Amino acid sequence: MPRKMPETPLLDQLESGPWPSFVSGLKRLAQAEDKPYADYMKSLLGQLEHSYQTRKGYWKGGTVGVFGYGAGIIPRFSEVADKFPESSEFHTIRIMPAPGMHYTTELLRQMCDIWERHGSGLVAFHGQSGDIMFQGCTTEKVQPAWDEFNALGFDMGGAGAGVRTSVSCVGAARCEQSCYDEARAMRSVLNNFLDDIHRPSLPYKMKFKFAGCANDCANATQRADFAVIGTWKGDMQVDQAEVVNFVKKVGRKGMIDQVIRLCPTNALSLNDDDTLDVDNKSCVRCMHCLNVMTKALTPGTERGICILAGGKRTLKIGDLLGTVIVPFMKMESDEDYEALVDLCQRMLDFFAENALEHERLGEMIDRIGLVAFLEGLELDLDPNMVSHPRTNPYVRMDGWDEEVRKWQSRKAEAAE
Ligand code: SF4
Ligand code: SF4
């Protein structure tokens, strides 16, 4: 006998707001009576309502895996299986996404068909780590489902204390703001760490993310231990004819309100003839003006990446955005991509040797100090690593002149 649709008065309230609700999605799956997962999802809805009534979660972990891999399955066993037996096991399979998140519709249909045969029909594109999350599967079905995803050419994502699945923005394939080939960078780095993804052996998790510019559509600055963000050196490109057209469209007041005044460093000024002056030395590449005037303004021609380390919301020491450890690195030739992989490897080795158990990169840097971390990675200190000039005038300046001389001589040596 098929299970009856459970009464869910508390969950129903979540559907009443203006935004689409995950509850409607779960109900749709539960009402698909011709599908093998209908009772599975009714049972899940019952358990979820029970959780809301009792204000308690009832999922516990365990050990579930597939042959040859030490990670990638998130086991979920129910503690109220006596009340909701059909959904007593609700494991998640994490699958690595395609770089830049490019899929054909045919491929998406194949994935959905696999999950309708073996799982709950519930799929999340993409989880916070970037994985495609196939949610809801019994222990028995995990291996056959994985075998079919693998046959499509996909690999298992990360879980546990190892390198996690990565994500890159759509970037160079479709976006005019892109400053390097994010998909290539992600693939080069991740392929180098496949063993650390599939057999976790680090003190704690390590996430790499790749965004093509400071708009950071990959959420790298906040969410990645190692964030690679596209940027440029020198002057941005300005098409003055398009600037004049933009001013015609929005008016001088609109231009001042929407662009000039919103530059965080006052680097922009509007001339009497409606052309634009950019003080490129003051520009901090925040992307605001380029986002508003997409036809008129474009990143400069000397493009590359800026690398930030230690971001995460929320660490034991609070929320941290990534700290700049490499202000600019070219990303054009094969050697440039190899240099990035090499830096990632040095960082991972240092993290493996120096981090405490259950300590993320940002916490480790906070504990040992940024200077020790940079020395460990053999990176030179650079004034551009300061994210914002100090505004407090009470600064001890003893030793500064000596440091400036050292920095200047390092720069001169590098230029030779
Ligand atoms: Fe485009 Fe920048 Fe967003 Fe990447 S991060 S998709 S390059 S706007
Ligand atoms: Fe100002 Fe940002 Fe435009 Fe640079 S990118 S000029 S900081 S608004």
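Which residue stands opposite Gly 318 in E16? Leu 315 does. The views below show a predicted model, in which local features need pLDDT of at least 70, side-chain atom pairs count only at pLDDT 80 or more, and totals for chains, interfaces and linings use all residues. Residues are numbered from 1 along each chain as its sequence is written, chains are lettered from A and ligands numbered from 1 in the order in which they are written, and side-chain values use heavy atoms, with hydrogens and water left out.

**View 1. A hairpin joins E15 to E16.** The link runs through two residues. Strand E15 covers residues 312–315 and strand E16 covers residues 318–320. They run antiparallel, joined by two bridges. Strands (E, at least two residues) and helices (H or I, at least four) are DSSP runs, numbered from the N terminus. Two strands pair if DSSP finds at least two bridges between them.

**View 2. Five strands form an open sheet.** Their order is E7-E8-E9-E14-E17, and the pairing is mixed. Strand E7 (167–168) and E17 are the edge strands; each pairs on one side only. E8 and E9 run parallel, joined by four bridges. Ala 211 has Ile 229 in E9 as its bridge partner.

**View 3. The largest nonpolar core has 51 residues.** Such a core is a set of buried Ala, Val, Leu, Ile, Met, Phe, Trp, Tyr and Cys residues joined through side-chain atoms within 4.5 Å. Buried means under 20% relative accessible area (1.4 Å probe, protein chains only). Phe 208, Phe 226, Ile 325, Leu 340 and Phe 373 have the most contacts inside the core. Elements that each supply at least two of its residues include strand E8 (208–211), strand E9 (226–233) and helix H11 (334–354). H11 gives the most, with nine residues.

View 4. Being near means having a heavy atom within 4 Å.

**View 5. Ligand 2 has 13 residues around it.** Cys 263, Cys 283, Val 284, Cys 286 and Cys 289 come nearest. The shell divides into 10 nonpolar, two polar and one charged. Helix H10 (residues 288–292) gives the most to this shell, with three residues.

Conventions. Ala, Val, Leu, Ile, Met, Phe, Trp, Tyr, Cys and Pro count as nonpolar, Asp, Glu, Lys and Arg as charged, and the others, Gly among them, as polar. Buried means under 20% relative accessible area, exposed over 50%, partly exposed in between (1.4 Å probe, protein chains only).
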